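Visitor: I would like to learn how to read a structure like this one, starting from a single residue and then moving on to a sheet. Could you take me through it slowly?

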Amino acid sequence: MEPDGKTKLLIVDDLAENLQALNALIRADNREVYQAQSGEQALALLLQHEFALAILDVQMPGMDGFELAELMRGTERTRHIPIVFVSAAGRELNYAFKGYETGAVDFLQKPLDADAVKSKVNVFEALYQQRQEVRRQVEALEQARREQDALLHELHSTKDELERSLKMRDEFMSMVAHELRTPLNTLFLETQMRTLQLKRGNMAAFAKEPMELMIARDERQIQAMIRLIDDMLDVSRMRSGVLSIRPVQVEINGLVERVIGDLARRVSTAGTSVSFHPAPHAVTGWWDEFRIEQVIVNLLTNALRYGDGKPVDVRIESADDTVRVTVRDQGQGIAPEDQKRIFEPFERGKGNKVSGGLGLGLYISDQLARAHGGQLAVESKLGEGSAFSLTLPCRNPAS
C-alpha cells in the first residue's frame, strides 16, 4: 500500500473500451488503477510503481500477455506481483493452462463476470495489504533490533569506559602517592638531619653555605610538589571548561631562550646540551605568555627525560602568520601505536629508563595549544628520536 493509503492495480488491454469497462468494475476510493494498451507501456509503469495486482489481456498485438508475464517473472522488482489473465479465446486453445505455466494466479474468460472480478480483486488486494503489513512489522522489528544492537554497543562502550576510568583513577592515586612521597620523604629526611644536628649542637651545619644548599634542596622539592598540584588543577579546569587564556603580545624567540636558560641546571644534570635555533627575525604573537611557557617547559623536560642523554635541538620557524616551535630529541622514539595515546591524561612513555611525573604534561600542552587555536604534533620513529612541534597563530584574537 502506498503512503497515501491507496492500493495500485494495473490493467493491460490493447482495446480502450475493454480498459474502460474493466476500470469501471474494479475502481474504488482506496484504489488507484493504471491502464496500459501494450506490453511496452505496461513495463514502463511496472518500473515506476508497486502494484498489488496485474490483470493482463492475453491476445495483444506485438508483445502478448504471456510474453509480458514471462518478463515480469524474470525481474526481481515484478516477479512477486500476482497476475490474472483475461481472454476472449475459446477454452479449446488451452490458454488457461499456458497462463498458469507462466505464473498466473487466475484466468478469466470474456465476457467477464462482474461479481467474480470484484471478488477476486478484493481477495488479492487484501493479500497485498497483509503482505505489506507483515513487511512493515518485519522492518520495524529489524529497526528495533538495530537500535537494540546500537544500545548494547553503547552500553558495552560505557562499561569499558567506566572500567577504564576506574583503572585510571586507581593508577592516578598510586602515581600521585608515589610522586608526592619522593619530595616529602626528602624534606622529612632533611628535617630529621637538621633536628639531629641541633641536638648535637653542631651549629656549623647551619652556616651560610650549608644553609643555602639546604634551602636550594627544599625549594626543589617544594617546586616539584607545586608542579604536580598545578598539573592536577589544570586538568580539572580543562575538563570543566574554566581554564582561562589571557593573551598578550609576546615575542617567541625571547620566551623560548629564557625557558632554555631557566632549565640550564636540569640540562646539566641530564648530562646533555640544548642547541637553540631562533627565527631569523622577531616573531610576535598574541598568546598567554605563562601558558605557552608551560608548554615549552613540558616539551623540553620530556626531551631531557627521554632523550637518552643526547643533545636536544630547539628550532623556531615562522610563515603565513603562524609560528612553529620544534623540540627534537635523539632518544629511543615512540612506537606508531603509542603516538596518539601519549596525549591522553595520565599516560606516560613505555619502556623508557627515566620515569616520573603524572603523565599529564603532553595532555595539558595539547589542550593549551588548542585553546590558542594551534596544535601540538609529534613525529617519531623507533630508534630515531622524537620531534614535538607546537604551531600557533600569531594574530590578535580580539581583531
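Guide: Let us begin with contacts, keeping in mind that this is a predicted model. Leaving aside its neighbours within four places in sequence, Asp 57 is in contact with Val 12, Asp 13, Asp 14, Gly 65, Val 86, Ser 87 and Lys 110.

Visitor: What does UniProt list for Asp 57, and in which strand is its place?

Guide: The UniProt record, an unreviewed entry, lists Asp 57 under "modified residue: 4-aspartylphosphate". In the model, Asp 57 belongs to strand S3, which covers residues 53-57.

Visitor: Is Asp 57 buried or exposed?

Guide: A residue is called buried when its relative accessible area is under 20%. Asp 57 has a relative accessibility of 5%, and therefore counts as buried.

Visitor: Now to the sheet: in what order do the five strands of the open sheet come, and which strands stand at the edges?

Guide: The order is S7-S9-S10-S12-S11, with mixed pairing. Strand S7 (274-277) and strand S11 (375-380) stand at the edges, and because each has a single partner strand, one side of each is left without a neighbour in the sheet. From one strand to the next, the twist averages 15°.

Visitor: How do strand S9 and strand S10 pair, and what packs on the sheet?

Guide: Strand S9 (residues 312-319) pairs with strand S10 (residues 322-328) in the antiparallel sense, over seven bridges, and Val 314 stands opposite Val 327 in S10. Helix H10 (residues 361-371) packs on the sheet, where the helix touches S11 and strand S12 (386-393), and its direction makes about 130° with that of S11.

How values were computed:
Residues are numbered from 1 along each chain as its sequence is written. This is a predicted model: local features need pLDDT of at least 70, side-chain atom pairs count only at pLDDT 80 or more; totals for chains, interfaces and linings use all residues. Side-chain values use heavy atoms; hydrogens and water are left out. UniProt positions are given in the numbering used here, feature names are shortened, and annotations may be inferred rather than shown by experiment. Helices (H or I, at least four residues) and strands (E, at least two) are DSSP runs, numbered from the N terminus. Buried means under 20% relative accessible area, exposed over 50%, partly exposed in between (1.4 Å probe, protein chains only). Contact means heavy atoms within 4.5 Å. Two strands pair if DSSP finds at least two bridges between them. Axes are lines fitted to C-alpha atoms, for helices over the stretch in contact, and angles run from 0 to 180 degrees between N-to-C directions.
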